Each structure stands twice: as structure tokens, then as C-alpha cells.
Amino acid sequence: MEPAGPLQSSIHKTEFLLFFTLLQLSVIILAARLFGHLSVRAGNSRVVGEILAGILLGPSLFGLLWPEAFEVVFRSVPPEPMTILSQVGLILLLFQIGMEFDFAHLAELRNRQAVVRIALVGELVPFVFGFAFGELSAEHMFPQGNALGYSLFCGTAFSITALPVLGRIMLELGLHRTRIGTVAISAAAINDVVGWLLLALVSAMAVAHFSAGLLAFRVAMLATFIVVCWWLVRPLLARLIQRFEVTKSNLPLDLLALLLAAIFVAAMTTYTIGIFAIFGGFMMGVLVYDRRELVSAWRDRAGSFVNVFFVPIFFTYTGLRTDIGALDTWQMWGWAALLVGLATLGKFGGCYWAARWARMDTTEACAIGIMMNTRGLMELIVVNVGYDLGVIPRSAFTMLVMMAILSTIFTTPILARWLKMRPVEQAQGDTA
């Protein structure tokens with residue numbers, strides 16, 4: 001029998017990679033659907049169940065109870081295929097979130113003022129709290145590390161609001177076409193853009209390659225991208241859509257292909273700028289938000305597949321990297337409690353005060369604070385960068401992940417209960 005040639009060997013490796021990728025997909029999708037249903041039945045958001053599914057499938061439970069099986073399922077092949085699929089799902093999710101929101105509310109001056117104040121205060125106050133936590137805890141948790149880099153990353157992680165998670169929660173609660181929903185998602189978008197710029201700055205400082213000129217260049221490029229999208233790409237997209245017969249239940253395949261290409265090009269553009277690819281997807285959604293037939297058709301023809309296949313991959317697979325067992329002493333749990341408390345106080349308190357400063361009433365301000373406190377997996381991106389750069393220790397990484405999860409878990413039930421007790425615009429069905 002002749003030995004296998006290079007072609008046969010290459011085919012075997014491809015089939016081997018495909019087999020375990022399909023195995024991981026099957027486990028992740030089924031687990032995400034199961035825990036998503038359980039989460040909804042418990043009165044929480046589906047995304048919470050998807051995140052918990054990832055944690056339970058990871059080293060915190062599955063890897064702890066059945067390490068051999070965990071290694072076979074999730075460590076037999078490199079993680080790149082699943083990572084790419086999860087990122088594609090996140091880009092498409094951000095596109096859906098952008099197109100689902102009614103930004104007509106921002107035509108009112110008071111709403112624009114509220115967005116700017118909430119975004120900036122909701123960035124600054126948590127950053128100060130996070131930096132202070134880093135300075136306080138560095139000697140105990142990171143004595144041999146870069147204390148300044150650690151504190152800066154803690155501040156950045158505290159300041160993030162999870163735009164995709166918040167968007168899904170709003171969609172599930174029917175807040176996406178209300179005033180407070182639009183103000184919150186717009187503030188979260190600005191908050192995260194500033195957060196990514198801050199992440200780029202802090203990362204550059206951590207590796208000692210900081211350049212004020214490069215940072216200013218990126219800000220200018222982002223502003224140019226937004227202007228070009230709104231004043232040039234948006235009219236072109238409108239003319240393109242008009243060429244097709246789009247109804248609430250019909251999305252022509254040629255138009256779908258063109259939209260996907262446009263989304264991916266926009267994502268590549270923002271990646272090139274240095275603001276992460278997901279914001280390109282979000283911007284494309286914003287450009288077509290007022291095309292109601294297109295929004296309905298996308299939701300009917302493409303949105304369901306994105307929600308069932310791509311999105312759970314991102315939420316669940318990211319949770320696989322979390323190991324709660326890293327906190328092995330009572331002292332560490334005390335630091336974790338302090339971290340969660342300061343992060344919540346900084347984000348909720350800062351956004352509540354900013355909303356009141358913008359002349360929103362107490363009910364609206366509390367709702368804004370609750371929504372903006374959602375950290376979700378956007379923060380996990382930040383802490384993973386810090387961990388990979390070596391400026392966040394394993395213990396702090398786990399604490400920050402716990403803070404992201406807890407803030408996400410409690411957002412939906414607290415927000416729903418608050419709005420039930422203190423009805424505001426969305427409870428009255430006002431979408432003007």
C-alpha cells in the first residue's frame with residue numbers, strides 16, 4: 001500500500017478540522033438554545049442564557065468535571081475557525097441592532113444633549129473608579145506587574161457598555177423605538193467608540209509605543225468615515241434599495257448579497273481605522289434604519305438565521321474562555337466584591353446623574369443607568385486584550401469577567417421590574 005501523498009494528507013487535515021468544528025458548533029448551538037429558553041422562562045434575556053451556556057461548557061464546569069471530554073471537544077483543533085465565525089456573527093448582530101433603532105428621536109435637541117452627557121459622564125466616572133481600583137489592588141494582585149498599565153486597563157474595562165447585549169435586551173423588552181431606548185443605545189454607541197479609542201491608547205501605552213499623532217489620526221479617520229457613510233453611502237444605498245422590489249416579507253437575494261458585501265466592507269474599513277470591525281456593521285445598520293420594509297424583510301429572511309446560528313457562537317464560545325475557579329481565596333473574593341460594587345456604582349451612578357443633568361426625570365434616569373450598566377461580552381474583549389498583553393493578572397481577569405456577567409444577568413429583570421413599577425414612554429406604547 002502506497003503512503004499517503006501531500007494531497008491526501010492535506011485533505012485528511014481539512015476533514016479532521018471540519019469534524020471537530022462541526023462538533024463544537026453542534027454542542028454550542030444546542031446548549032445556547034437550551035439555556036436561552038431556560039433564561040427566558042426565568043424572566044431574563046435570552047443572551048444571558050447563551051453566556052451562561054458558554055461558561056458551563058468551559059473550564060468552570062465541563063472542563064472541571066470531565067477534563068478529558070472537554071479537551072477532546074474544544075482543544076483537539078485550533079480555535080481560529082470558531083473565532084472567525086463568532087466575529088462574523090457579531091458584525092451581523094451589530095448591523096441588525098443598528099437598523100432596528102429609530103434615531104429620529106435624536107432630532108430633538110434635548111435628546112442629543114442627553115446622549116452626549118450620558119455618554120461622556122458614563123465613560124469618565126467609571127474610568128476613574130476603575131483606575132482607583134487598579135491603584136488600590138495592584139500591590140496585592142499584581143505585585144510584579146506593570147501597575148500603571150493594570151490600572152489603565154481596569155479603568156477601560158469599567159467604562160465599557162455592551163452595545164450588542166444592550167441592543168438585544170432592548171429588542172426583547174420592546175424599548176428599541178422609544179425615547180429612552182434611543183438615547184441609551186446612542187450613548188452606548190458613543191461610549192464604546194470612545195472606549196475603543198481608549199483601549200487603543202492604553203494598549204499602545206502598555207507596549208510603550210504610544211503616539212499622540214497616531215491617536216489623533218485615528219479619530220480623524222473615524223469622523224471622516226462617519227461623514228462619508230452618512231452623506232455619500234446612505235443616499236447610494238437608498239437608490240440601490242429602490243431598484244429592488246422589497247416588501248415586509250420579501251428580500252431579493254441580489255439585494256441581500258449586496259448588503260452583506262457592504263456590511264463586510266464597512267467592517268474592514270473600521271478595522272483598518274483601528275476602531276474594530278463591529279462598528280462598521282453597526283454603522284451600516286444605522287444607514288438603513290428608516291427603510292422599514294427592508295428592516296422587516298431582513299428580520300424575516302436573514303435575522304432568524306443570524307440569531308440562531310451566528311450570535312450564539314459568539315456569546316457561547318467567548319464564555320468558554322472564562323474560568324471562575326481562578327478565585328481560590330476569600331481575599332480574592334473580597335476584591336471581586338469590591339470590583340463589582342465600584343463598577344456598578346460608577347456606571348449606574350454616573351449615567352443616572354448625567355441623565356438628571358439632561359433634565360430627564362427620575363424614572364427615566366434610573367432606566368438609563370440600569371441599561372448603561374450592561375457590560376456583557378464587549379468588556380470581555382477589553383480584558384482579553386489586557387490579559388494577552390500581560391497587564392492584567394489571571395485573578396483580575398476572572399473578576400472582570402464576573403462583573404460583566406453579573407451586570408448582564410441582572411439588567412433585564414431589574415429593568416423590567418422598574419418599568420413595571422414606574423411606567424414611562426415605552427410602557428405606554430409611544431413610538432413617536
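These legends describe close-up views of a predicted model. Local features need pLDDT of at least 70, side-chain atom pairs count only at pLDDT 80 or more, and totals for chains, interfaces and linings use all residues. Residues are numbered from 1 along each chain as its sequence is written, and side-chain values use heavy atoms, with hydrogens and water left out.

**View A. Arg-234 meets Asp-290 in a salt bridge.** The N to O distance is 2.8 Å. A salt bridge here is a side-chain nitrogen of Lys or Arg within 4 Å of a carboxyl oxygen of Asp or Glu. The count by this rule is one. Arg-234 belongs to helix H10 (residues 212-242), while Asp-290 is in the loop between H12 and helix H13 (292-319), so the pair ties together parts 56 residues apart in sequence. Helices (H or I, at least four residues) are DSSP runs, numbered from the N terminus. Arg-234 is partly exposed at 21% relative accessible area. Asp-290 is partly exposed too, at 35%. The classes are buried (under 20% relative accessible area), exposed (over 50%) and partly exposed (in between), with a 1.4 Å probe and protein chains only. Arg-234 also lies over the face of Trp-230, 4.2 Å from the ring centre.

**View B. Arg-117 places its charged end over the ring of Trp-357.** The distance to the ring centre is 4.4 Å. A charge sits over a ring if NZ of Lys or CZ of Arg is within 6 Å of the ring centre and within 35 degrees of the ring normal.

**View C. Helix H12 (residues 278-287) is largely enclosed by the rest of the structure.** Ten of its ten residues are buried. Among them are Ile-278, Phe-279, Phe-282, Met-283, Met-284, Val-286 and Leu-287. Glycines are buried here as well: Gly-280, Gly-281 and Gly-285.

**View D. Leu-56, Leu-61, Leu-64, Leu-65 and Trp-66 form a nonpolar surface patch.** Together they have about 500 Å² of accessible area, by the Shrake-Rupley method with a 1.4 Å probe, where only the protein chains shown count as cover for residues. Patch residues have over 30% relative accessible area and no salt bridge; like charges are joined within 9 Å, and nonpolar side chains (Val, Leu, Ile, Met, Phe, Trp, Tyr) within 5 Å. Leu-64 lies in helix H3 (residues 62-65) and is exposed at 60% relative accessibility.

**View E. Phe-305 and Phe-310 form an aromatic pair.** The whole structure has 17 aromatic pairs. In this one the ring centres are 5.9 Å apart and the planes stand at 85 degrees, so the pair is edge-to-face. Rings of Phe, Tyr and Trp (its six-membered ring) pair if their centres lie within 6.5 Å; planes under 30 degrees apart are stacked, over 60 edge-to-face and the rest tilted. Phe-310 is buried at 13% relative accessibility.

**View F. Arg-359 has a positive phi of about 70 degrees, although it is not a glycine.** Most residues other than glycine have a negative phi. Arg-359 sits in the loop between helix H14 (330-357) and helix H15 (362-372). At 81% relative accessibility, Arg-359 is exposed.

**View G. Cys-154 and Cys-229 are buried.** Cys-154 has a relative accessible area of 1%. For Cys-229 the value is 4%. The structure holds zero disulfides, a disulfide being a pair of cysteine sulfur atoms within 2.5 Å.

Technical notes
Helices (H or I, at least four residues) and strands (E, at least two) are DSSP runs, numbered from the N terminus.
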